[in-house]
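Please load the model and display the side chains as heavy atoms.

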Amino acid sequence: MQKTNYIYLLITLFFLFTNYKNSFGQNGEWVKGHYYTWSGERVEGFLKHRFQAQFGSGPDNSLRFMADRDAKRITLTTKEVKSFVLQIERDKVDSFIVIKNFTINVFATYREDFVKVVATGPLNLYMHYSTVSTGSKYGATTSPVSNWLVQKGESLTLIKNQSNFKEVMPQLVSDDTELVEKITNKEFKYRDIEEVIRLYNQKRFTSLN
């Protein structure tokens, strides 16, 4: 490797890791909410959801907590928290739980991490949050990224794009021929995943009652 290229690489890595650490040190806003410990204790206060890609298989997501506005702020992880709820608006909450052993890409495999619960039923729909950094000669830019995960039974499936959606989703809803046909004919696309999950769960609940 030429000396100038080597120096450029070192400078790029410096900016990458510096900006990577600082740009997304904190995500979200402080909101009212509560969390549950692994022993089942409910703790109320003010919470802030944070996420930043980590090295290895550790969680990208964490939780900042303070009992009240004057209390000490602490950081909690999947080791202390089983689930948490954020009061986003007066009549709207976001719920997060811990899921285990899932893969987003060749660089990101997790022993466990927090995910947002979007839908529950025969098919559970989760959203996992992280960040990605892209480098250039001017430094690095860190941006949030999110990925859909569908749980059926004990199996977790990543839905990452339209091609993947069309390939995998018919298998997950194979007992609903109408939905399979609409996915195959592109009446339902990747952007419609929430609606597909909602319709599938609704039909399954109706058939059981």
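Begin with Leu158, which belongs to strand β10 (residues 155-159). The coordinates are those of a predicted model. Leu158 has a relative accessibility of 16% and therefore counts as buried, the limit being under 20%. Now select its partners, leaving out residues up to four places away in sequence: Leu158 touches Thr103, Ile104, Asn147, Trp148, Leu149 and Asn164. To follow the fold across this point, draw a line between the C-alpha atoms of Leu158 and Asn105; the two are 53 residues apart along the chain, and the line spans 9.3 Å.

**The chain as a whole**

Switch to a cartoon and colour it by secondary structure. The chain contains four helices and ten strands, and along the sequence they follow the pattern α-β-β-β-β-β-β-β-β-β-β-α-α-α. Of the 209 residues, 42% count as buried. Among contacts with a separation of 6 or more, 45% are between residues 24 or more positions apart.

**The nonpolar cores**

Next, display the largest nonpolar core, which has 35 residues. Its members with the most contacts inside the core are Tyr35, Phe84, Val150, Ile159, Met169, Ile193 and Ile197. Which helix gives the most to this core? Select α4 (residues 193-208): this helix contributes five residues. Colour domain 1 (31-160) and domain 2 (161-208) separately; both give residues to the core, so it lies between them.

Centre the view on Ile197. Apart from neighbours within four places in sequence, Ile197 is in contact with Ala119, Leu123, Leu125, Val150 and Met169. A second, separate core has nine residues, including Phe102, Ile104, Tyr126 and Leu149.

**Aromatic rings**

Select the rings of Phe84, Phe96 and Phe114, which form one aromatic cluster. The chain has five aromatic pairs. How are the rings of Phe84 and Phe96 arranged, and why is the pair called stacked? Their centres lie 4.6 Å apart and their planes meet at 5 degrees; planes under 30 degrees apart count as stacked, so this pair does. The pair joins distant parts of the chain: Phe84 is in strand β5 (residues 81-89) and Phe96 in strand β6 (residues 92-105), twelve residues apart. Phe84 is buried, with a relative accessible area of 0%, and Phe96 is likewise buried, at 3%.

**A buried threonine**

Select Thr78, in the loop between β4 (74-76) and β5. Is this residue buried or exposed? With a relative accessibility of 3%, Thr78 is buried. Show polar contacts here: the side chain of Thr78 makes one with the side chain of Glu112, at 2.7 Å. Extending the selection to whole residues, and not counting those up to four places away in sequence, Thr78 touches Trp38, Pro59, Val98, Glu112, Asp113 and Phe114.

**Helix α2**

Move to helix α2 (residues 162-172) and start at its N-terminal end, which Asn161 caps. A side-chain oxygen of Asn161 lies 3.3 Å from the backbone nitrogen of Ser163. Within the helix, Asn164, Phe165, Val168, Met169, Pro170 and Leu172 are buried. For reading such a list, note that an α-helix has 3.6 residues a turn, so residues three or four places apart point the same way.

Finish with the backbone. Select Asn101 in strand β6; its phi is positive, about 55 degrees, although the residue is not a glycine. Asn101 is exposed, with a relative accessible area of 63%. Then select Lys186, in the loop between α3 (177-184) and α4. Lys186 also is not a glycine, and its phi is positive, near 65 degrees. Its relative accessible area is 44%, and Lys186 is therefore partly exposed.

Note on methods: Residues are numbered from 1 along each chain as its sequence is written. This is a predicted model: local features need pLDDT of at least 70, side-chain atom pairs count only at pLDDT 80 or more; totals for chains, interfaces and linings use all residues. Side-chain values use heavy atoms; hydrogens and water are left out. Rings of Phe, Tyr and Trp (its six-membered ring) pair if their centres lie within 6.5 Å; planes under 30 degrees apart count as stacked, over 60 as edge-to-face and the rest as tilted. Helices (H or I, at least four residues) and strands (E, at least two) are DSSP runs, numbered from the N terminus. Buried means under 20% relative accessible area, exposed over 50%, partly exposed in between (1.4 Å probe, protein chains only). A nonpolar core is a set of buried Ala, Val, Leu, Ile, Met, Phe, Trp, Tyr and Cys residues joined through side-chain atoms within 4.5 Å. Domain bounds come from an automatic or database domain assignment. Contact means heavy atoms within 4.5 Å. A polar contact is a pair of N or O atoms within 3.5 Å; within protein, one must be able to donate a hydrogen and the other to accept it, and residues adjacent in sequence count only if both atoms are side-chain atoms.
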